[in-house]
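This report walks through selected local features of one protein chain. Keep the sequence and the coordinates at hand while reading.

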Amino acid sequence: VAFTNLPAANNTIKIYTVSGDLVQVISHNGLTGVGHQSWNLMSRNGQEIVSGVYLYTVQADDDRFEDFVGKFVVVR
């Protein structure tokens, strides 16, 4: 999965199940000019995630950027 158009700031991407369980936390340094971050579909526990709907948030450490919430589907 690739997260694109990320803010030019230090960002934290958090991925959750639809029931609210935290799956993964990804740090992204958007100050380098790179506006995308890939994720290998592995959980914080090192396990492959299962098929389903997932929610994510993108939070920047710069107040000029608003928090963003989105969702995606994994089909295996």
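## A loop residue with positive phi

Leu-41 sits in the loop between S4 and S5. Its phi is positive, about 65 degrees, although Leu-41 is not a glycine. Leu-41 has a relative accessibility of 19%. The cut-off for buried is under 20%, so Leu-41 counts as buried. Note that the model is predicted.

Asn-5 is another non-glycine residue with a positive phi, here about 55 degrees. Asn-5 belongs to the loop between strand S1 (2-3) and S2. Asn-5 is exposed, because its relative accessibility is 73% and the cut-off for exposed is over 50%.

## The nonpolar core

The largest nonpolar core has 14 residues. Which of them touch the most other members? They are Phe-3, Ile-13, Ile-15, Trp-39, Ile-49, Tyr-54 and Phe-72. At least two core residues come from each of strand S2 (10-17), strand S3 (22-29), S5 and S6. S5 gives the largest share, three residues.

Leaving aside residues up to four places away in sequence, Tyr-54 touches Ile-15, Tyr-16, Thr-17, Val-23, Ile-49, Gly-70, Lys-71, Phe-72 and Val-74. Among these contacts, Ile-15, Ile-49 and Phe-72 are also listed with Tyr-54 as core members that touch the most others.

Gln-24 lies in strand S3. Is Gln-24 buried or exposed? Gln-24 counts as buried, because its relative accessibility is 15%. A polar atom of the Gln-24 side chain lies 3.0 Å from the backbone oxygen of Met-42.

Met-42 is also one of the contacts of Gln-24.

## Salt bridges

How many salt bridges does the chain have? The count comes to two. Side chains of opposite charge can pair when their charged atoms come close. One of the two joins Arg-76 to Glu-48, with the closest N and O atoms 3.5 Å apart. This pair links distant parts of the chain, 28 residues apart. Arg-76 is in the segment after strand S6 (68-74), and Glu-48 is in the loop between strand S4 (37-38) and strand S5 (52-60). Arg-76 counts as exposed at 55% relative accessibility. Glu-48 is likewise exposed, at 55%.

Arg-64 and Asp-62 form a salt bridge too, with 2.7 Å from N to O. Arg-64 is exposed, with a relative accessibility of 64%.

## Nonpolar residues on the surface

Val-18, Val-53, Leu-55, Val-73 and Val-75 make up a nonpolar surface patch. Together these residues have about 460 Å² of accessible area. Val-73 belongs to strand S6. Val-73 counts as exposed because its relative accessible area is 57%.

Val-69 is found in strand S6 as well. Val-69 is exposed, with a relative accessible area of 58%. Its contacts, not counting residues up to four places away in sequence, are Tyr-56 and Thr-57. Val-69 and Leu-6 are 63 residues apart in sequence. In space, their C-alpha atoms are 12 Å apart.

Conventions. Residues are numbered from 1 along each chain as its sequence is written. This is a predicted model: local features need pLDDT of at least 70, side-chain atom pairs count only at pLDDT 80 or more; totals for chains, interfaces and linings use all residues. Side-chain values use heavy atoms; hydrogens and water are left out. A salt bridge is a side-chain nitrogen of Lys or Arg within 4 Å of a carboxyl oxygen of Asp or Glu. Helices (H or I, at least four residues) and strands (E, at least two) are DSSP runs, numbered from the N terminus. Buried means under 20% relative accessible area, exposed over 50%, partly exposed in between (1.4 Å probe, protein chains only). A nonpolar core is a set of buried Ala, Val, Leu, Ile, Met, Phe, Trp, Tyr and Cys residues joined through side-chain atoms within 4.5 Å. Contact means heavy atoms within 4.5 Å. A polar contact is a pair of N or O atoms within 3.5 Å; within protein, one must be able to donate a hydrogen and the other to accept it, and residues adjacent in sequence count only if both atoms are side-chain atoms. Patches are made of residues with over 30% relative accessible area and no salt bridge: like charges are joined within 9 Å, nonpolar side chains (Val, Leu, Ile, Met, Phe, Trp, Tyr) within 5 Å. Accessible areas come from the Shrake-Rupley method with a 1.4 Å probe; for residues, only the protein chains shown count as cover.
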